[in-house]
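I opened a notebook page for this structure and set down what I looked up, entry by entry.

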Amino acid sequence: MELTLLLFLPLATGLLGGILGNRLVKPVAVLGGLGTLGVAVGLALNYDTALGGSQFTVDKLWVKPLGIHWALTIDGLNLALVVLTAFVYASVVVACALREQESPRLFYFHLGLGASAVLGAFLAQDLILFVLFFDLMLVPFYFLVGQWGTGDRVAATTKMVIYTLAGSLLMLAAAVATGALAASHHGRHLDFLISNLERLPLGKGTQQWIFLCFAAAFLVKMPAVPLHGWLKDAYKSMPLPVLALFSGVLSKVAAYGFLKLALPLFPDAAASFQDLLLAIGVISILYGSALAFTTNDARLVVGYSSIAQLGFILLGIFSLTSDGAQGALLQMVNHGVVTVALVMIVGVLASRAKGSEDLGSMGGIAMGAPVLAVVFLIAAFANLAMPASANFIGEFLILKGVFDSVTVVAVIACLGVAMAAVYMLRAYIRAMHGPDTNGVEQRDLSIREALPILPAIALILALALSPQPLLKRSEGPATAAVIPAAKAANIDPIQTATTAQAKR
Amino acid sequence: MSLTTYSWLVLAFPLAGSIILGLGHKVLKGKTAGAIGTSAILLSFLSGLGALRSLQSRPEESRQVVSSLWTYAHTGGLDVQFSILVDPLSLLMVLVVAGVSTLIHLYSVAYMASDEGYVRFFAYLNFFVFSMLMLVLAGNLILLAVGWGLVGAASYLLISFWYRRNTATKAGIKAFVINVVGDVGIVLGAIVIIQGTGAVDLLTVFAKAPQVWHTNDPQIVVGCLLLMVGAFAKSAQVPFHTWLPDAMEGPTPVSALIHAATMVTAGVYLIARMHPIFQIATTASDVGAIGGAVTLLVAATIGLVVTDLKRVIAYSTMSQIGYMIMAVSAGVYGAGLFHLMTHAFFKALLFMAAGSVIGAMAGEQNLDRMGGFRKVMPITYGCFIVGGLALSGIPPFSGFFSKDDILLGLGAQGGWYWALYVAGYVGALMTAIYTFRMIFRAFHGEPCEEAKSLADGRLFHAAEHRNPGDGTLEDTGVGYPGAKHHIAERSPSMSISMGVLAILATIGGVIQLPKVTNTLDHFLDPTFSDSPKFGIGIDYNLMAIGMVIGAVFGLLGIYIAWVIWVKKPGTSARIQARFALPYKLFSNKWYFDEIIAFLIVRPFAAAGRFFQRTVERVVVDGAITAGPVSIARASSAAVRSWQSGMLRAYAAAVIVGAALVVLYLMLQA
């Protein structure tokens, strides 16, 4: 019940605002955002960590003949991501409320729909339900880009539609096939509940093509190289707060999909494609980083950096180790929070540089803006996984997992760690430091600007002090998610002293 | 209070200071920030003394204490506590770091007084001290990496402190990136160690190491070499050293504190801290010792020719750390740490005194333009002489005892260590030459314009200040040298801290006088008594010979410098002409910057541009994206009658289409 409330709250408040009219739409949306966050935090606090497992579960047979369940739950795998989504949504709604939009009623409706869809995808425990929410996620963003976007929004929407639709259709077919084949193979009724499907493994050959279909959809959404062709135009034309929601949480649904679905349902295929996925991860890291340190567009630095960071997350998952998966989950949360801060900061920087997001038109902003300088520095350091940030722990766990399973990949990935330092500091210095040659406006953060940024910064600092609350809840389910695939790949998912010594 | 309470307080004060200064940056006026910053570090130092008393009251075998505050990260394969390890080694480092930092904070109170970023400076400086103390107190590999990374960040912030200078921001990013490469070394090294022992906690790792690895086990050799990358990057050893000379872009107190006395010695600390595993990985230790020896020689040759006052001292720092790295890698821990301590005293002193000269020169750092400051700045001159004698290893100054202690420890081991022994003495001769070259050129000879102006009782100001690095006009309204800048010896807080360091640089050696006191070695016993090289047979004949050679080489070096730069001016030009090739090599700093640019920086930049301009357009936008997009466009043209031109209808059609596909597939199933 609580979960249904959580799931529909953003959408419902978006609708309600639309009905109540232009004057009330903002307050209602903000209340909806904060309410969603409140419910999510309440659920997290009430989640019994000692007990673990699935809690607050809703499970009703929804479409009986097809065996589709309306099944939602919270477990250690999605708990942090659900809270992250609510947090990002609340920040974004607050940020939007502090600026003006055209046709606000429709705008907030789409925003709420987007948040509900993401929450649905994280909460869904039925394969078809997941696919529906996954596809639904994109609908509001087509409109948000198409109607409120800037620049070449037609190209942006076209590319986004084609890329993601291709991925989605493959995934849909794959999902249907999974249920149908599992049912026929084991002589049972059609049933799409994920936990049931886990118990009905498919043949190795079947797993492979189904896995590839899912992987394609997820890799497009993350995005991973070379399936990132839609990213540049989409990022460029999205309104900034919308981009914060998009980049902060949508990409995580894809990474989560690997852990939630692809590894447990198709363990043999995951094992046999491990090298391919690791290669895609490494290429994304190196290629994304290289793009990030050659672009002059502040927004694209964040975008390309996301490609690299998602590459790390992919590595963690496909290390097929417990530490790697936990690192990946932690890094999803870290990246979401940091991205919100960075995207909003790009907006502030542009407002100081006569609206331009070109790093070349900035420079020397720090002088009159010490608070902005510190805030930006904290976000930048977190993004480059500075030791002491939670991002460092996430990256450390990922590297450790990959090192334990495929050592050479971890060594190459380390190049990405150094490259992140280059692109983040380069962007920071170009915007904030140096002589003020472009006549930027040297004004510090206003309260209006700070409101959506400071909570993210506070969260970054809190996670830095103790990432343990997240790790504690994810240990069991993250390990469980990788075990079948690790077995198939003949990898020891949990490296401990005894196993290390036994190996020797 | 208990030992652990004291130790946590050591960390708490600088952190609190940094936070208070950061939050209060708008309210704190005048020198309040300096007072807050300095007292925070002083309190930290006093807590360190409290911890020392408490530690010494324990029996020797229980002088390694671990204290944990909370569980930091616990996963399937990792158990990280927020823990510190207090033992003689970490406490020695705490006292050196906090002690020298207190003096440098005190110096900065006046030195930075005219700077617009006064509060920011102390906030950063306190943050640095916190990070450095975190590094030395860390109880496990992860917190060690955290401290390691944070000092790199603090160093970056302070190198780029005058961020309006393009030279400062460039130096900052260079230092930061090289340090991140070092961090990667530490992280991978830690992963290898965790893989082997299954532990992150330092004491557990040390206890398990001998059971897991045999001597020169490839796994631990690789692990130690990775740690060594971290140590070399942070301690500016060849070939990871190129950031240190550039780091001199930071304010002079920063050079004294971070880039001479404390942070750059972190690599020495790391090897000493991890000695139980470095002793198993003897190959890695040998690499470290040779790397240290190479660095000490290379840096000394550059020190002989470089003309920037601060860079002479910077290359000297590199060279001296080479001695320390060589010592701890070869298992001569007590001596290496002894030199770390005395070096902190005399090198911080030299930098502070250099700050005084740079103040008198209104920001100019070129030795070619200096001269004749001896009479007008007697205290600064005295500090340079004391620091210079200690650096050159002239008895009875502190550096004499510590350097000879290192070389004795190497010589006594025999074998190929003799090569290191010889390299050490060759380096010592060069050290004396470059040190007194610097002193003679700045203080002797014909007084320069600035010195004359000071003799008339006024501080020199250039008509317009230009950045010596790239010739751009300085923003003097923002930073030093502002209109109100001082010279160190005329301001009490600066002269007091210089005086204290001068005394320490002179008598610091008494802590470890051969055959008389061995307080330091004895104090460190609980940390190093498990070392197989513990108490290697001391050869008293060799010791006597070494001390004589050391003293003679030091004096000889000073004499050579005196002949070349005072007695017969012009000799230096003749030598340059005669040895043109080595001169070119040294003055171009052995071309390390160029080699690194050629091998690493340019290929990466070129790859980035190639990806951005070519691959993105041709492959990603062209082949991968444009194909499907044009197919879609073509098919949408076919159904143009449907398309009302409205995006909404288009998207709705897409969704309906998708739904139909779903339905079809389901019915098929």
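**Entry 1: a loop alanine in chain A**

I began with A:Ala388, which counts as buried because it has 24 C-beta neighbours inside 10 Å, where 20 or more is the cut-off. The model is a predicted one, and in it A:Ala388 has a positive phi of about 95° although it is not a glycine. I located A:Ala388 in the loop of chain A between α15 (370-383) and α16 (390-405).

**Entry 2: a loop asparagine in chain B**

I then looked up B:Asn216, also not a glycine, and found a positive phi of about 60°. Is B:Asn216 buried or partly exposed? It counts as partly exposed, because 13 C-beta neighbours lie inside 10 Å. Its place is the loop between α7 (202-212) and α8 (218-234) of chain B.

**Entry 3: cis peptide bonds**

In chain A I noted a cis peptide bond from A:Met222 to A:Pro223, with omega near -15°, and A:Pro223 sits in the loop that runs between α8 (204-221) and α9 (231-237) of that chain. In chain B, B:Pro395 and B:Pro396 are joined by a cis peptide bond with omega of about 5°, and I placed B:Pro396 in the loop between α16 (378-392) and α17 (398-411).

**Entry 4: the nonpolar core**

I looked next at the largest nonpolar core, which has 465 residues, and those with the most contacts inside it include A:Ala379, A:Ile460 and B:Leu349. Helix α15 (residues 333-360) of chain B supplies the largest share of this core, 19 residues. For A:Ala379, leaving aside neighbours within four places in sequence, I listed contacts with A:Val338, A:Ala341, A:Leu342, A:Ile345, A:Ile457 and A:Ile460.

**Entry 5: an enclosed helix**

How many of the eight residues of helix α11 (residues 266-273) of chain B are buried? Eight of the eight are, so this helix is largely enclosed by the rest of the structure; B:Tyr269 and B:Arg273 are among the buried residues.

**Entry 6: the contact between the chains**

I found that 69 residues from chain A and 62 residues from chain B make up the contact. Helix α6 (residues 153-186) of chain A gives the most to the side of chain A that touches chain B, namely 12 residues, and that side divides into 43 nonpolar, 18 polar and eight charged residues.

Conventions: Residues are numbered from 1 along each chain as its sequence is written. Chains are lettered from A and ligands numbered from 1 in the order in which they are written. This is a predicted model: local features need pLDDT of at least 70, side-chain atom pairs count only at pLDDT 80 or more; totals for chains, interfaces and linings use all residues. Two residues are in contact if their C-beta atoms, placed from the backbone, lie within 7 Å. Helices (H or I, at least four residues) and strands (E, at least two) are DSSP runs, numbered from the N terminus. Ala, Val, Leu, Ile, Met, Phe, Trp, Tyr, Cys and Pro count as nonpolar, Asp, Glu, Lys and Arg as charged, and the others, Gly among them, as polar. A nonpolar core is a set of buried Ala, Val, Leu, Ile, Met, Phe, Trp, Tyr and Cys residues joined through C-beta atoms within 7 Å. A residue is buried if 20 or more other C-beta atoms lie within 10 Å of its own, exposed if 12 or fewer, and partly exposed in between; C-beta atoms are placed from the backbone.
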